[in-house]
Amino acid sequence: MNGNANGEQPPMATEKINTEIVTLTRFLNEEQTKHKEATGDFTLLCHALQFSFKSIAYYIRRASLINLGGLAGSSNTTGDDQKKLDVIGNDLFIAAMRSCGRVKVLVSEEEEEAIVFSDNPNARYAVACDPIDGSSNLDAGVSVGTIFGIFKLPEDAKGTKEELLKPGTELVAAGFTMYGASAQLVLTMRGGPVNGFTMDNALGEFILTHPNMQMPKKRAIYSCNEGNSKYWEEPVLEWCNSVKQADKPYSLRYIGSMVADAYRTLLYGGIFAYPADKKSPKGKLRILYECAPMAMVFENGESTVRAC
(Lines give C-alpha, C1' and ligand atoms only; values in the text may rest on other atoms or scores of the structure.)
Protein backbone atom coordinates (compact mmCIF):
# COMPACT_ATOMS: atom_id res chain seq x y z
CA MET A 1 0.00 0.00 0.00
CA ASN A 2 1.24 3.47 -0.83
CA GLY A 3 -0.91 5.34 1.70
CA ASN A 4 -3.98 5.24 3.91
CA ALA A 5 -7.60 6.00 2.95
CA ASN A 6 -6.88 9.71 3.10
CA GLY A 7 -3.87 9.36 0.82
CA GLU A 8 -1.41 10.03 3.65
CA GLN A 9 1.95 8.27 3.60
CA PRO A 10 2.83 6.04 6.60
CA PRO A 11 5.65 7.35 8.80
CA MET A 12 9.12 6.19 7.78
CA ALA A 13 11.04 4.07 10.26
CA THR A 14 14.27 5.76 11.26
CA GLU A 15 17.37 4.11 12.69
CA LYS A 16 18.47 5.54 16.01
CA ILE A 17 22.06 6.62 15.60
CA ASN A 18 24.33 6.62 18.63
CA THR A 19 26.53 9.69 18.39
CA GLU A 20 28.11 9.18 21.83
CA ILE A 21 30.30 6.24 20.88
CA VAL A 22 33.03 5.47 23.39
CA THR A 23 36.03 4.14 21.51
CA LEU A 24 38.97 2.53 23.26
CA THR A 25 41.04 5.60 22.38
CA ARG A 26 38.50 7.91 24.01
CA PHE A 27 38.17 5.59 27.00
CA LEU A 28 41.93 5.56 27.62
CA ASN A 29 42.23 9.33 27.25
CA GLU A 30 39.37 9.89 29.71
CA GLU A 31 40.91 7.46 32.19
CA GLN A 32 44.20 9.35 31.98
CA THR A 33 42.53 12.63 32.94
CA LYS A 34 41.35 11.03 36.20
CA HIS A 35 44.94 10.72 37.40
CA LYS A 36 46.77 14.01 37.86
CA GLU A 37 50.09 12.22 38.20
CA ALA A 38 49.70 10.48 34.83
CA THR A 39 52.45 11.13 32.29
CA GLY A 40 50.64 9.59 29.33
CA ASP A 41 53.12 6.72 29.04
CA PHE A 42 50.59 4.07 30.02
CA THR A 43 48.06 5.47 27.55
CA LEU A 44 50.60 5.36 24.72
CA LEU A 45 51.47 1.78 25.64
CA CYS A 46 47.79 0.81 25.47
CA HIS A 47 47.46 2.47 22.07
CA ALA A 48 50.36 0.30 20.86
CA LEU A 49 48.64 -2.79 22.26
CA GLN A 50 45.46 -1.76 20.47
CA PHE A 51 47.31 -1.57 17.16
CA SER A 52 48.77 -5.05 17.62
CA PHE A 53 45.30 -6.48 18.38
CA LYS A 54 43.84 -4.87 15.26
CA SER A 55 46.71 -6.19 13.14
CA ILE A 56 46.44 -9.74 14.48
CA ALA A 57 42.66 -9.69 13.96
CA TYR A 58 43.18 -8.59 10.35
CA TYR A 59 45.60 -11.42 9.53
CA ILE A 60 43.48 -14.05 11.27
CA ARG A 61 40.44 -13.04 9.20
CA ARG A 62 42.49 -13.35 6.00
CA ALA A 63 44.59 -16.38 6.97
CA SER A 64 42.93 -18.87 4.63
CA LEU A 65 43.02 -16.41 1.74
CA ILE A 66 46.71 -15.56 1.92
CA ASN A 67 48.10 -18.98 2.89
CA LEU A 68 48.77 -18.30 6.57
CA GLY A 69 47.39 -21.63 7.76
CA GLY A 70 49.49 -24.57 8.91
CA LEU A 71 52.75 -24.93 10.78
CA ALA A 72 55.75 -22.65 10.56
CA GLY A 73 58.15 -25.58 10.99
CA SER A 74 59.38 -24.65 14.47
CA SER A 75 58.31 -24.86 18.11
CA ASN A 76 58.08 -22.28 20.88
CA THR A 77 59.66 -22.17 24.34
CA THR A 78 57.11 -24.57 25.82
CA GLY A 79 57.48 -27.15 23.06
CA ASP A 80 54.28 -26.32 21.18
CA ASP A 81 54.46 -26.43 17.39
CA GLN A 82 54.34 -22.90 16.03
CA LYS A 83 51.73 -21.93 13.47
CA LYS A 84 52.58 -19.36 10.81
CA LEU A 85 50.26 -16.93 12.56
CA ASP A 86 52.07 -17.54 15.87
CA VAL A 87 55.21 -16.14 14.29
CA ILE A 88 53.42 -13.21 12.63
CA GLY A 89 51.50 -12.35 15.80
CA ASN A 90 54.69 -12.44 17.84
CA ASP A 91 56.54 -10.21 15.35
CA LEU A 92 53.65 -7.72 15.34
CA PHE A 93 53.66 -7.61 19.13
CA ILE A 94 57.42 -7.07 19.34
CA ALA A 95 57.33 -4.27 16.76
CA ALA A 96 54.43 -2.50 18.50
CA MET A 97 56.05 -2.68 21.94
CA ARG A 98 59.43 -1.51 20.66
CA SER A 99 58.07 1.38 18.61
CA CYS A 100 55.86 2.83 21.35
CA GLY A 101 58.99 3.66 23.38
CA ARG A 102 57.30 2.93 26.72
CA VAL A 103 58.21 -0.74 27.15
CA LYS A 104 61.57 -1.80 28.53
CA VAL A 105 61.03 -5.58 28.74
CA LEU A 106 58.75 -7.91 26.79
CA VAL A 107 58.15 -11.56 27.63
CA SER A 108 56.39 -13.63 24.98
CA GLU A 109 55.47 -17.29 24.92
CA GLU A 110 57.08 -17.47 21.49
CA GLU A 111 60.50 -16.24 22.66
CA GLU A 112 63.15 -18.22 24.51
CA GLU A 113 64.39 -15.17 26.44
CA ALA A 114 62.93 -11.88 27.59
CA ILE A 115 63.36 -9.10 25.04
CA VAL A 116 65.00 -5.97 26.45
CA PHE A 117 64.53 -2.83 24.38
CA SER A 118 67.83 -1.08 24.99
CA ASP A 119 66.77 1.80 22.75
CA ASN A 120 64.04 2.64 25.30
CA PRO A 121 66.24 3.31 28.38
CA ASN A 122 63.67 5.52 30.12
CA ALA A 123 60.73 3.16 29.61
CA ARG A 124 58.95 2.20 32.82
CA TYR A 125 56.79 -0.73 31.77
CA ALA A 126 57.17 -4.45 31.17
CA VAL A 127 54.68 -6.54 29.20
CA ALA A 128 54.06 -10.29 29.33
CA CYS A 129 51.98 -11.83 26.57
CA ASP A 130 50.82 -14.88 24.72
CA PRO A 131 50.37 -13.34 21.24
CA ILE A 132 48.02 -16.04 19.91
CA ASP A 133 46.73 -18.44 22.55
CA GLY A 134 44.98 -21.55 21.24
CA SER A 135 46.64 -21.36 17.83
CA SER A 136 46.22 -25.11 17.28
CA ASN A 137 42.56 -24.25 16.56
CA LEU A 138 43.33 -21.68 13.86
CA ASP A 139 42.98 -23.91 10.81
CA ALA A 140 39.54 -25.04 12.02
CA GLY A 141 38.32 -21.46 12.35
CA VAL A 142 37.88 -21.72 16.13
CA SER A 143 38.24 -18.56 18.21
CA VAL A 144 41.73 -17.83 19.51
CA GLY A 145 43.08 -14.87 21.44
CA THR A 146 45.85 -12.72 22.87
CA ILE A 147 46.51 -12.58 26.62
CA PHE A 148 48.56 -9.77 28.16
CA GLY A 149 49.67 -8.35 31.48
CA ILE A 150 51.42 -5.04 32.22
CA PHE A 151 53.85 -4.37 35.08
CA LYS A 152 55.30 -1.02 36.10
CA LEU A 153 59.03 -1.16 36.75
CA PRO A 154 60.86 0.79 39.46
CA GLU A 155 62.83 3.85 38.39
CA ASP A 156 66.15 2.04 38.81
CA ALA A 157 65.08 -0.99 36.76
CA LYS A 158 67.83 -2.45 34.60
CA GLY A 159 65.53 -4.24 32.21
CA THR A 160 66.15 -7.85 33.21
CA LYS A 161 63.82 -10.83 33.11
CA GLU A 162 64.18 -11.21 36.87
CA GLU A 163 62.35 -7.89 37.27
CA LEU A 164 59.26 -9.54 35.79
CA LEU A 165 59.25 -12.44 38.23
CA LYS A 166 56.62 -10.78 40.40
CA PRO A 167 53.30 -11.92 41.85
CA GLY A 168 50.26 -11.24 39.72
CA THR A 169 49.00 -8.81 42.37
CA GLU A 170 51.61 -6.34 41.08
CA LEU A 171 50.07 -6.12 37.61
CA VAL A 172 48.86 -2.62 36.79
CA ALA A 173 46.64 -3.82 33.94
CA ALA A 174 45.70 -7.03 32.18
CA GLY A 175 43.28 -8.44 29.68
CA PHE A 176 42.77 -10.43 26.54
CA THR A 177 41.45 -10.11 23.02
CA MET A 178 39.36 -12.87 21.48
CA TYR A 179 39.36 -13.20 17.70
CA GLY A 180 36.11 -14.84 16.65
CA ALA A 181 32.98 -13.68 14.87
CA SER A 182 34.26 -10.28 15.96
CA ALA A 183 37.32 -9.17 17.90
CA GLN A 184 36.43 -8.73 21.58
CA LEU A 185 38.86 -6.90 23.88
CA VAL A 186 38.56 -7.24 27.66
CA LEU A 187 40.62 -4.78 29.71
CA THR A 188 41.01 -4.13 33.41
CA MET A 189 43.30 -1.98 35.51
CA ARG A 190 44.41 -2.36 39.10
CA GLY A 191 41.49 -1.74 41.42
CA GLY A 192 39.15 -0.93 38.55
CA PRO A 193 36.25 -2.58 36.75
CA VAL A 194 36.41 -4.89 33.75
CA ASN A 195 35.39 -3.33 30.45
CA GLY A 196 34.67 -5.06 27.16
CA PHE A 197 35.17 -3.58 23.69
CA THR A 198 34.05 -4.88 20.31
CA MET A 199 35.97 -4.20 17.11
CA ASP A 200 33.93 -2.24 14.55
CA ASN A 201 35.65 -3.13 11.30
CA ALA A 202 33.91 -0.32 9.41
CA LEU A 203 35.26 2.32 11.79
CA GLY A 204 38.50 0.51 12.54
CA GLU A 205 37.92 1.11 16.24
CA PHE A 206 37.28 -0.90 19.39
CA ILE A 207 33.92 0.30 20.78
CA LEU A 208 32.92 0.04 24.45
CA THR A 209 30.03 -2.46 24.39
CA HIS A 210 30.32 -4.19 27.78
CA PRO A 211 31.05 -1.61 30.50
CA ASN A 212 31.69 -2.81 34.05
CA MET A 213 31.52 -6.53 33.28
CA GLN A 214 30.66 -8.75 36.24
CA MET A 215 30.59 -12.50 36.07
CA PRO A 216 27.19 -13.97 37.02
CA LYS A 217 27.34 -15.60 40.44
CA LYS A 218 25.57 -18.81 39.50
CA ARG A 219 25.49 -20.74 36.27
CA ALA A 220 25.54 -24.53 35.96
CA ILE A 221 28.33 -24.72 33.37
CA TYR A 222 31.72 -26.34 33.78
CA SER A 223 34.57 -26.16 31.30
CA CYS A 224 37.50 -28.56 31.30
CA ASN A 225 39.19 -31.10 29.05
CA GLU A 226 37.74 -34.38 30.27
CA GLY A 227 39.89 -36.16 27.72
CA ASN A 228 42.64 -35.84 30.32
CA SER A 229 40.56 -37.34 33.14
CA LYS A 230 42.57 -40.58 32.97
CA TYR A 231 45.55 -38.61 34.30
CA TRP A 232 43.75 -36.46 36.89
CA GLU A 233 44.38 -36.73 40.59
CA GLU A 234 41.55 -38.14 42.71
CA PRO A 235 40.32 -34.78 44.13
CA VAL A 236 39.88 -33.39 40.61
CA LEU A 237 37.97 -36.50 39.52
CA GLU A 238 35.73 -36.21 42.57
CA TRP A 239 34.99 -32.56 41.81
CA CYS A 240 34.18 -33.28 38.17
CA ASN A 241 31.86 -36.13 39.10
CA SER A 242 30.15 -33.97 41.71
CA VAL A 243 29.08 -31.30 39.21
CA LYS A 244 27.82 -33.95 36.79
CA GLN A 245 25.86 -35.80 39.46
CA ALA A 246 24.36 -32.78 41.21
CA ASP A 247 20.56 -32.52 41.55
CA LYS A 248 20.73 -30.19 38.58
CA PRO A 249 23.77 -31.46 36.68
CA TYR A 250 26.14 -28.88 35.21
CA SER A 251 26.43 -28.63 31.43
CA LEU A 252 29.83 -29.14 29.82
CA ARG A 253 31.07 -26.39 27.50
CA TYR A 254 34.67 -26.72 26.34
CA ILE A 255 36.13 -25.01 23.27
CA GLY A 256 39.79 -25.84 23.83
CA SER A 257 40.93 -22.24 23.44
CA MET A 258 41.51 -20.65 26.86
CA VAL A 259 40.55 -17.13 25.79
CA ALA A 260 37.27 -18.30 24.24
CA ASP A 261 36.40 -20.49 27.24
CA ALA A 262 37.33 -17.69 29.65
CA TYR A 263 35.28 -15.09 27.74
CA ARG A 264 32.20 -17.30 27.77
CA THR A 265 32.67 -17.95 31.49
CA LEU A 266 33.01 -14.22 32.18
CA LEU A 267 29.79 -13.49 30.28
CA TYR A 268 27.64 -16.45 31.34
CA GLY A 269 29.19 -17.64 34.60
CA GLY A 270 30.32 -21.13 35.52
CA ILE A 271 33.67 -22.78 36.21
CA PHE A 272 36.75 -23.02 34.01
CA ALA A 273 39.47 -25.47 35.04
CA TYR A 274 42.72 -26.71 33.54
CA PRO A 275 44.17 -28.75 36.41
CA ALA A 276 47.60 -30.27 36.74
CA ASP A 277 47.68 -34.00 36.10
CA LYS A 278 50.05 -36.96 36.07
CA LYS A 279 51.35 -35.98 32.63
CA SER A 280 51.91 -32.35 33.64
CA PRO A 281 52.38 -32.27 37.43
CA LYS A 282 52.98 -28.50 37.38
CA GLY A 283 50.09 -27.82 35.03
CA LYS A 284 50.24 -26.46 31.49
CA LEU A 285 49.03 -22.90 32.01
CA ARG A 286 51.85 -20.37 32.42
CA ILE A 287 51.64 -18.08 35.43
CA LEU A 288 53.23 -14.95 33.98
CA TYR A 289 51.26 -14.47 30.77
CA GLU A 290 48.19 -16.69 31.20
CA CYS A 291 47.21 -17.33 34.82
CA ALA A 292 48.07 -13.95 36.39
CA PRO A 293 46.40 -11.75 33.72
CA MET A 294 43.28 -13.94 33.66
CA ALA A 295 43.13 -13.95 37.46
CA MET A 296 43.21 -10.15 37.52
CA VAL A 297 40.37 -9.96 34.99
CA PHE A 298 38.16 -12.39 36.89
CA GLU A 299 38.88 -10.98 40.34
CA ASN A 300 38.06 -7.46 39.13
CA GLY A 301 34.95 -8.97 37.56
CA GLU A 302 33.99 -10.04 41.10
CA SER A 303 34.50 -13.75 40.67
CA THR A 304 36.62 -16.25 42.58
CA VAL A 305 39.96 -17.54 41.32
CA ARG A 306 41.62 -20.63 42.77
CA ALA A 307 44.97 -22.21 41.92
CA CYS A 308 45.14 -25.98 42.11
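This is a predicted model: local features need pLDDT of at least 70, side-chain atom pairs count only at pLDDT 80 or more; totals for chains, interfaces and linings use all residues.
**Entry 1. Sheet order**

I began with the strands. I found an open sheet of eight strands with mixed pairing. I wrote the order down as β4-β3-β5-β6-β7-β8-β9-β10. I then looked up the edges, which are β4 (115-116) and β10 (205-213). Each of these two strands pairs on one side only.

**Entry 2. Strand β5 and its partners**

I took β5 (residues 125-133) next and checked both of its partners. Strand β3 (residues 103-108) runs parallel to β5, and five bridges join the two. On the other pairing, β5 and β6 (residues 144-152) are antiparallel and share seven bridges.

I picked A126 to follow across the strands. A126 has V105 opposite it, and its bridge partner in β6 is F151. I also noted D133, whose bridge partner in β6 is G145.

Is β5 covered, or is it left open? I counted nine of its nine residues as buried, so by the cut-off of under 20% relative accessible area the strand is mostly covered.

**Entry 3. Helices lying across the sheet**

I looked up which helices lie across these strands. Helix α1 (residues 24-33) lies across β8 (183-189), β9 (194-200) and β10. Its direction is about 5° from that of β8. Helix α5 (residues 258-268) lies across β5, β6, β7 (171-179), β8, β9 and β10. I noted an angle of about 105° between α5 and β7.

**Entry 4. The pair α2 and α3**

How are α2 and α3 packed, by angle and by distance between axes? I read an angle of about 160° for α2 and helix α3 (residues 84-100), with the axes 9 Å apart. The angle is over 145 degrees, so α2 counts as roughly antiparallel to α3. The crossing of α2 past α3 is right-handed.

I listed the residues that meet. From α2 they include L45, L49, S52, F53 and I56. From α3 they include L85, I88, L92, F93 and M97.

**Entry 5. The cores**

I went on to the nonpolar cores. The largest has 42 residues. The residues with the most contacts inside this core are L45, F93, M97, L106 and I150. Helix α2 (residues 41-61) supplies the largest share of the core, nine residues.

I then looked at F93 by itself. Leaving out residues up to four places away in sequence, F93 touches L49, S52, F53, I56, L106, V127, C129 and T146.

I found another core apart from the largest one. This core has 16 residues, among them M215, M258, M294 and V297.

**Entry 6. The pair α5 and α6**

I returned to α5 for its packing against helix α6 (residues 287-300). The two axes come within 12 Å and cross at roughly 15°. That angle is under 35 degrees, so α5 is roughly parallel to α6. I noted the crossing of α5 and α6 as right-handed.

M258, V259, A262, T265 and L266 are the α5 residues that meet α6. On the α6 side I have E290, M294, V297 and F298. Of these names, M258, M294 and V297 are also in the core of 16 residues.

**Entry 7. N122**

Last, I looked up N122, which sits in the loop between β4 and β5. Is N122 buried or exposed? N122 has a relative accessible area of 70%, and the cut-off is over 50%, so N122 is exposed. I also checked its separation from G101: 21 residues in sequence and 8.4 Å in space, C-alpha to C-alpha.

How values were computed: Residues are numbered from 1 along each chain as its sequence is written. Side-chain values use heavy atoms; hydrogens and water are left out. Two strands pair if DSSP finds at least two bridges between them. Helices (H or I, at least four residues) and strands (E, at least two) are DSSP runs, numbered from the N terminus. Contact means heavy atoms within 4.5 Å. Axes are lines fitted to C-alpha atoms, for helices over the stretch in contact, and angles run from 0 to 180 degrees between N-to-C directions. A nonpolar core is a set of buried Ala, Val, Leu, Ile, Met, Phe, Trp, Tyr and Cys residues joined through side-chain atoms within 4.5 Å. Buried means under 20% relative accessible area, exposed over 50%, partly exposed in between (1.4 Å probe, protein chains only). Angles under 35 degrees count as roughly parallel, over 145 as roughly antiparallel, 65 to 115 as roughly perpendicular and the rest as oblique. A crossing is left-handed if the near helix is turned anticlockwise from the far one by less than a right angle, and right-handed if clockwise.
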